[in-house]
Amino acid sequence: MGFAERLSAAAAATDAVLKTTLEPMRADGRSPATLVDACDYALLGGGKRFRPFLVIESARLLDGPADAAAAVGAAFECLHAYSLVHDDLPAMDDDDLRRGRPTVHKAYDEATAILVGDGLQSLAFEIITAPPVPAEAAGPLARLLARESGLAGMVGGQYRDLNALGLDAAGVRLMQSMKTGALIRGSCEAGAIVAGADDEQRARLARFGALLGEAFQLADDLLDLEGTAEETGKRVGKDAEEGKATIPQLVGIPAARQRLAETVATAADELAPFGDAAGTLREACRFVAERRS
């Protein structure tokens, strides 16, 4: 199975978990139907499912259980979707378009969008603390998700981004390693936890994920300067309009492209001890560097 097929299979497995999780809530007599629909809109409205893919492939690399990896991947997708819903709010980045569709606060309203984000964050922890995730992995996974999505991770990075005017390159890299990189790094480490990896394997996959997260954001910043809304599914050129610093703006596009190439090469080098079994994750480096959406 090639890279595109594995990415598609991971997306299908993730969506199956999300649908199975959401559907009973429509009939439980407690969950408001409109709120469940809005969560469905936020979760199942497209997207590459790249973070779940990383969980699934990192676990598969170490012969971890596929059903548990899919569940953990779905939990990471819940956290990612929650971050996008809140990131799009008028008080944050104020965007009207996400994945080619109106953002949640436009399709519904701001209060609903806030509650969707809150609900998806809780849902992530509900998923990872229930079967088929092994009981012995639930605690480490919960700590990982809390760390990577919290004040020292994604949420802290979002705060830094909202106050990003005047940052130098080091400040931008720190902010981006938290806002974008934390969940990508955590996805790779989570796969290792699901598979019962040893400390060295877990640390190596975390380092790989950190480098991949840096590359992902570099590619995103380049797309914001060179891409189109039709390609990316969201408004482009926004950082430049608002005067926010990004690596391509600070060092120039050619230098940013060179850094992107070096970063994905270093990420691929981290996988050397895994040999040919890490081929799909190496392909993920190329995918990140060449993506147009």
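The structure is a predicted model, in which local features need pLDDT of at least 70 and side-chain atom pairs count only at pLDDT 80 or more, while totals for chains, interfaces and linings use all residues. Residues are numbered from 1 along each chain as its sequence is written, and side-chain values use heavy atoms, with hydrogens and water left out.

Helices (H or I, at least four residues) and strands (E, at least two) are DSSP runs, numbered from the N terminus. Helix H6 covers residues 110-128, and its 19 residues should span 27 Å at 1.5 Å a residue; the expected span is 1.5 Å times one less than the number of residues. The end C-alpha atoms of H6 are 28 Å apart, which agrees. At the start of the helix, a side-chain oxygen of aspartate 109 comes within 3.2 Å of the backbone nitrogen of alanine 111.

Residues count as buried under 20% relative accessible area, as exposed over 50%, and as partly exposed in between (1.4 Å probe, protein chains only). Among the buried residues of H6 are Thr112, Val116, Leu120, Leu123 and Ile127. Seen down the axis of H6, the buried residues fall within an arc of 140 degrees, so they line one face of the helix; the arc is that of the directions from the helix axis to the C-beta atoms. The elements that cover these buried residues include H1 (3-22), H2 (33-43), H4 (66-87), H5 (104-107) and H7 (135-149), where contact means heavy atoms within 4.5 Å.

Attention now turns to the backbone. In the loop between H6 and H7 lies proline 132. The peptide bond from proline 131 to proline 132 is cis, with omega near 10 degrees. Arginine 49, in the loop between H2 and helix H3 (50-61), has a phi near 60 degrees, a positive value in a residue other than glycine. Arginine 49 counts as buried because its relative accessibility is 2%.

Arginine 99 occupies the loop between strand E1 (97-98) and E2. Its phi is also positive, at about 55 degrees, although arginine 99 is not a glycine. With a relative accessible area of 24%, arginine 99 is partly exposed.

Arginine 99 also belongs to the lining of the largest cavity, where Tyr41, Ala42, Arg98, Arg99 and Val104 lie nearest the centre. H4 supplies the largest share of that lining, three residues.

Notes: A polar contact is a pair of N or O atoms within 3.5 Å; within protein, one must be able to donate a hydrogen and the other to accept it, and residues adjacent in sequence count only if both atoms are side-chain atoms. On a 1 Å grid over the protein atoms alone, a cavity is a set of points where a 1.4 Å probe fits but cannot get out, and a pocket is an open set with protein on both sides within 12 Å along at least five of seven lines; lining residues have an atom within 4 Å of a point.
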